[in-house]
Amino acid sequence: MIFFKQLRLNIKTHGWPLCILLVTVMLAACDQPEKIAPVSFLLPDAEDMQKRGQLPSGSLLDEIKQRGKLTVLTTNLPSTYYYDRNDKLAGPEYDMTKSFAESLQVEVEYKVYDSTKAVIDALRKNQGDIAAAGLTVNDVRKSEFDFGPVYQTTNEYLVCHRSKKNIKNKDELKGLEIIVAAESSYIESIKSYSEMSWTESQDFNTEDLLAQVAEKKIECTISDSTLYMLERRYHTEIQKKYVFAEGSELAWMINKNNDRLKRAISDWFEKYQDDYELAHVMEKYYGYVETFDYVDTHRFLDRVQTRLP
C-alpha cells in the first residue's frame with residue numbers, strides 16, 4: 001500500500017517515464033534473492049609463507065635451460081669446492097655439479113659461502129638452484145627441502161686435541177667444551193646426548209673449528225669423517241675421540257616443488273654412477289686420506305715452514 005501511494009506521488013511530481021523506470025528496477029530487485037559474498041581474512045603463518053616462497057611460477061629446470069646457467073650454492077672446503085695448487089677449481093662438489101651442468105648443456109655459476117648455515121639460508125631465499133656443500137640428509141631438512149640421490153656416506157666424530165684422552169662412553173662427554181658450527185647436521189645427531197652440552201658457533205665453520213682445536217683455542221668440535229681426514233693432514237694435532245653417528249648420507253639439496261629438476265638430477269646421477277665417474281671422484285679426492293702417519297706428516301709440515309721462503 002505504501003508503495004502505490006508513493007507511486008501516485010511520483011506520477012504527479014515527475015511524470016510517467018521516471019515512474020515506469022522506478023517500478024522496473026524495484027520489481028527486478030524483488031525477484032533476486034539476497035546474496036552476501038563470503039569474506040575471510042587469513043594471516044599467513046611462517047610455514048605458509050615459506051611454502052609460498054618455494055612455489056615456482058614455472059619449471060625451474062626450464063628456467064635453468066632458458067638462462068643457460070645452473071647456479072650452485074656451496075662452501076670453500078677441501079671436501080666441496082676450492083682452488084688447487086695450480087689455481088684451478090677442484091673439489092668433489094665442483095666435479096659433480098660441473099658434470100650435471102654439462103648434461104643440461106648449460107654453464108655453471110658458483111656462489112660460495114662461509115658456512116653451511118649461509119648456504120641453507122641462501123637456498124631458502126631462492127638465490128641458487130642447487131645447494132651442493134656436503135649436506136647431510138636428515139628429517140629436519142627433509143621437512144623443508146628435497147634431496148637428490150645419496151652420493152656418499154660419512155661418520156660424525158667428536159674431534160679434540162690429540163693430547164686429550166679418548167672418550168670411552170657417553171658419561172665421559174659431560175663437562176667437555178664442544179663448539180659446533182651453526183645449523184650443521186651434527187646438532188641433530190647430538191641432541192639425544194643428554195650427558196653433554198654444546199655451543200653453536202655463528203661465526204666459524206667446521207674447518208675453522210678444527211683449526212682452533214689444533215691450536216688449543218677450543219677443546220673439541222664435531223666433524224664428518226671426510227673433512228676430518230682431509231684436515232688432519234694440515235692440522236696434525238687433531239684426533240677423533242668419539243663416534244656420534246655412522247653412515248650419515250650426503251646429497252644435494254633443492255627447494256621443494258621442483259620435481260622436474262629432481263628427476264633430471266636422478267637421471268644424470270644414475271648414468272654418472274654407472275659410468276664409474278662417481279667412483280673416480282671419490283678415489284681422486286679421498287683415496288689417499290686413509291693413509292695417515294702422524295710423525296711423517298708432522299715432520300713434513302715442519303720442514304715446509306722452516307725451509308721454504
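Start by selecting helix 12, residues 277–286: Leu278, Val281, Met282, Tyr285 and Tyr286 are buried there. Buried means under 20% relative accessible area, with exposed over 50% and partly exposed in between (1.4 Å probe, protein chains only). Helices (H or I, at least four residues) and strands (E, at least two) are DSSP runs, numbered from the N terminus. An α-helix has 3.6 residues a turn, so residues three or four places apart point the same way.

This is a predicted model: local features need pLDDT of at least 70, side-chain atom pairs count only at pLDDT 80 or more, and totals for chains, interfaces and linings use all residues. Residues are numbered from 1 along each chain as its sequence is written, and side-chain values use heavy atoms, with hydrogens and water left out.

Now show what surrounds helix 12. Its buried residues pack against strand 2 (82–83), strand 3 (89–90), helix 5 (92–104), strand 7, helix 10 and helix 11. Contact means heavy atoms within 4.5 Å.

Next, the rings. The whole structure holds 12 aromatic pairs. Rings of Phe, Tyr and Trp (its six-membered ring) pair if their centres lie within 6.5 Å; planes under 30 degrees apart count as stacked, over 60 as edge-to-face and the rest as tilted.

Select tyrosine 157 and tyrosine 228. They pair edge-to-face, 5.6 Å centre to centre, with 85° between the planes. Tyrosine 157 sits in strand 7 (residues 152–161) and tyrosine 228 in helix 10 (residues 225–231), 71 residues apart. Both tyrosine 157 and tyrosine 228 are buried.

Move to tryptophan 252 and tryptophan 268. This pair is stacked: 5.2 Å centre to centre, 10° between the planes. Tryptophan 252 lies in the loop between strand 11 (238–250) and strand 12 (253–255), and tryptophan 268 in helix 11 (residues 259–274), so the pair ties together parts 16 residues apart in sequence. Tryptophan 252 is buried, at 3% relative accessible area. Tryptophan 268 is buried too, at 8%.

Finally, colour by pLDDT, the predictor's confidence in each residue, from 0 to 100. The chain averages 81, and 75% of the residues score at least 70. Over residues 1–57 the pLDDT is below 50. It stays under 50 over residues 292–308. Where pLDDT is low, the predicted coordinates should not be read in detail.
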